[in-house]
Amino acid sequence: MACQRIFSRFMPMATSKVNISLLHPRAFSSAAGATIIDGKEISKAIKKEVKVEIEEWVSAGNRSPHLCVVLVGDDPASATYVKNKMLACKRVGITSTVISKTSELGQVELLEILDNLNNDEDVDGLLVQLPVPDHIDERTVCNAISPMKDVDGFHISNVGRMCLDQTSMLPATPYGVWELLKRSGVETFAKTALVCGRSKNVGMPMAMLLHTDNRHERPGGDATVIQTHRHTPKEELKRLALGADIIVAAAGIPKLITADMIKPGCCVIDVGINRVPNGKGGFKLVGDVDFDEVRKVAGHITPVPGGVGPMTVAMLCKNTLVAAKKAITY
């Protein structure tokens, strides 16, 4: 029970009786209709909370939390993600280290690196930036990280505990979506939620967070959850979406969710990040939602960029602090 009380300070899963938007007014109304959920502002609030917690932790005689990221290969997007994580860590007071290796690194060598970091008492949080090169098995790598240092929440122990409604490291992106919903005052209790996507890192854990019992050790949203994916027929997706109070789009298909699929007042969370031609010889980022049209019908909506993306980094910082405090007992 003591462990649960400690962890609840870092993972405030509000009940349906509290409108957290009154405490954290981080959403603003759009002239086109929907209230825009501002992930940038909410993530700033969370990082500020983490920074204060770290200052208290260090003032009590502890060292700063330490996150280590292993980057294999030269993928530009991965390098950018790692850079953003390091900047966020610096701003909240987390010490960070990046271990960069070429794509020729073998799986055995990578596992040896992870084993050494697992046994390094100066490292609190540990992750391997995904994706890894094709010759390395992603699941083997994720399971090679100590669950106590698994700030991505991808180790099988953390996944299993999450599915059993037990306290665990939550994957940063669905954890961030959860915070967006709660801090924007979006009700989940007894609502119908459609999760469009079934990835093990986003879609599956998002569905688990939304549907599980709020009375359990790891409180959930008490929603009725429907899950679809990229192979769900478009007409079936539309039928299901029209009955949803909340839609989380995470299928990786640009503009998959269109205005004719939206029930008026529905909350639409767009997790998708897709690069598409901008008509000028370059590219632009768009989500899985047709934002300009859907915002005319929805009640709440997240933009891309500036919605879910900043939250992922903020929740990673929060998980690193939890790991440093050893707030979860395995």
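Student: Which residue in S9 stands opposite Ile247?

Tutor: That is Val268. Keep in mind as you look that this is a predicted model.

Student: How do you know that S8 and S9 count as paired strands?

Tutor: Pairing needs at least two bridges between the strands. S8 and strand S9 (residues 267-270) are joined by four bridges and run parallel, so by the cut-off of at least two they pair.

Student: What pairs with S8 through Val248, then?

Tutor: Val248 is the bridge partner of Val195. Strand S6 (residues 192-196) pairs with S8 in the parallel sense, over four bridges.

Student: Which way do the side chains of S8 point?

Tutor: Ile246 and Val248 point one way from the strand, while Ile247 and Ala249 point the other way. In a regular strand, side chains alternate between the two faces of the sheet. In S8, which covers residues 246-249, all of these side chains are buried.

Student: Why is Ser78 called buried?

Tutor: Buried means under 20% relative accessible area. Ser78 has 3%, so it is buried. You will find Ser78 in helix H3 (residues 76-92). Leaving out residues up to four places away in sequence, Ser78 touches Leu71, Gln129, Leu130 and Pro131.

Student: How far is Gly203 from Glu41?

Tutor: Their C-alpha atoms are separated by 24 Å, and the two residues are 162 residues apart along the chain.

Student: What makes a space a cavity, and how many are there here?

Tutor: A cavity is a set of points where a 1.4 Å probe fits but cannot get out. The count is one cavity of 30 Å³ or more. The largest cavity has a volume of about 50 Å³, so it passes that 30 Å³ limit. Its lining is made up of Leu127, Val128, Leu130, Val141, Cys142, Ile145, Asp150, Asp152 and Phe154. Strand S5 (125-128) and helix H5 (138-144) are the elements that give two or more residues to this lining. By class, the lining has seven nonpolar, no polar and two charged residues.

Student: What lines the second largest pocket?

Tutor: The lining includes Lys255, Asp270, Lys284, Asp290 and Asp292. A pocket is an open set of points, unlike a cavity, where the probe cannot get out. About 190 Å³ of space lies in this one. Strand S11 (283-286) and helix H10 (291-294) are the elements that give two or more residues to its lining. S11 gives the largest share, three residues. By class there are six nonpolar, one polar and five charged residues.

Student: How do you know which part of the model to read with care?

Tutor: The protein averages a pLDDT of 91, and 90% of the residues score at least 70. Over residues 1-25, however, pLDDT stays under 50. Where pLDDT is low, the predicted coordinates should not be read in detail. The model does have 48 contacts beyond four places in sequence for residues 1-25.

Key: Residues are numbered from 1 along each chain as its sequence is written. This is a predicted model: local features need pLDDT of at least 70, side-chain atom pairs count only at pLDDT 80 or more; totals for chains, interfaces and linings use all residues. Side-chain values use heavy atoms; hydrogens and water are left out. On a 1 Å grid over the protein atoms alone, a cavity is a set of points where a 1.4 Å probe fits but cannot get out, and a pocket is an open set with protein on both sides within 12 Å along at least five of seven lines; lining residues have an atom within 4 Å of a point. Grid points are joined across faces, edges and corners, and a volume is the space filled by probe spheres set on the points. Ala, Val, Leu, Ile, Met, Phe, Trp, Tyr, Cys and Pro count as nonpolar, Asp, Glu, Lys and Arg as charged, and the others, Gly among them, as polar. pLDDT is the predictor's confidence in each residue, from 0 to 100. Contact means heavy atoms within 4.5 Å. Buried means under 20% relative accessible area, exposed over 50%, partly exposed in between (1.4 Å probe, protein chains only).
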